[in-house]
Amino acid sequence: MSLPSDAALDFLRSVFSSRSQENAETHRPLVTLTFAQSLDAKIAGNGRRQLLLSCPESMLMTHWMRSMHDAILVGIGTALNDNPQLNTRLIPEVSRPSKSPRPVILDAELRLPIDCKLLSNFRQGRGLQPWIFCSSSNFLEMSNRKFALLEAGAIIFNVTCENGFLSIPQVLEELYNQGIRSLMVEGGATVINNFLKCTQQSHDPTVQPIVDTIIITTAPMFVGDGGVGYEVSCAERAGEVPTLQRMRTVLMGTDTVTAVRILRRQ
């Protein structure tokens, strides 16, 4: 019987085997959108309460996946609700890669607490400096919060808002300019929805999707109507719907993990 790390690495290496070739064709980070869901496609509980949707084996797989990306991105809702560390601590120390992923937070109004784990870990030398993306429209109004976060160790970038949300293409462009070549997007629901929307909204066939790979962990449980899901909008034209190619489906402990590639428009 293979060890949990062996199974996770075998799966992830098969999924990401062609990534270096794809990287040469883009001018943005290669984006992996990943999340855990219930059988009824819920990713959080009532009131966006955090749910334990991953068994130990699939959670270990997620940490190995983190180690294979330059940065990990979450929204401010996840940062406030879960207070995540976005590191690779579950990988056995003897096998853990020395390079840590960069934590990235989409935080339009700079609401990230200065005592959160991401900033605390950086100050204690246990993680990389968090990068925060906020809105440029009210940047001056947030000067006090900006100063406090900078003092706590954050690096802050400002981008424009589109329809009330930070511009995902601008975020990706800035990350690429900062040397990020692979990005793992973990959620929550608003971030997942925005990345999926950007992936399928363009009417221009020359504009490529901004997500390259989607990896979904499905737990054998129902959450019910009170849970929080994600949205895949119905496109008006057939060409707006991204074409998916199933790459691999595996069982990790009690969870089912599926990886699909989003094919580029021809």
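Student: Which residue in β5 is the bridge partner of I105?
Tutor: That is I132. One thing to keep in mind: this is a predicted model.

Student: Okay. How many bridges join β4 to β5?
Tutor: There are 3, and the two strands run parallel. β4 covers residues 102-106.

Student: What do β4 and β5 make with helix α5?
Tutor: A right-handed β-α-β unit. The helix spans residues 117-123.

Student: And on to β6. Which residue there is the bridge partner of F133?
Tutor: F157. β5 and β6, residues 155-159, are joined by 5 bridges and run parallel.

Student: Why is β5 called largely enclosed by the rest of the structure?
Tutor: Because 5 of its 5 residues, 131-135, are buried.

Student: Switching to cysteines. How many disulfides are there in the whole structure?
Tutor: The search finds 0. For C134, the nearest cysteine sulfur is that of C161, 8.9 Å away. The cut-off for a disulfide is 2.5 Å.

Student: Is C134 buried or exposed?
Tutor: Buried, because its relative accessibility is 0%. C161 is partly exposed, at 34%.

Student: New topic: where is V223?
Tutor: In the loop between β10 (213-218) and β11 (228-229). V223 counts as partly exposed because its relative accessibility is 27%.

Student: What is V223 in contact with, leaving aside neighbours within four places in sequence?
Tutor: S38, D40, K42, A44 and L51.

Student: How far apart are V223 and Q37 in sequence and in space?
Tutor: 186 residues in sequence, but 9.3 Å in space, C-alpha to C-alpha.

Terms used: Residues numbered from 1 in each chain as written. Predicted model: local features only at pLDDT ≥ 70, side-chain atom pairs only at ≥ 80, totals over all residues. Heavy atoms only, no water. Helix = DSSP H or I, 4+ residues; strand = E, 2+ residues; numbered from the N terminus. Buried < 20%, exposed > 50% of the residue type's maximum accessible area, 1.4 Å probe, protein only. Contact = heavy atoms within 4.5 Å. Pairing = 2+ DSSP bridges. Right-handed = clockwise from strand over helix to strand, strands pointing away.
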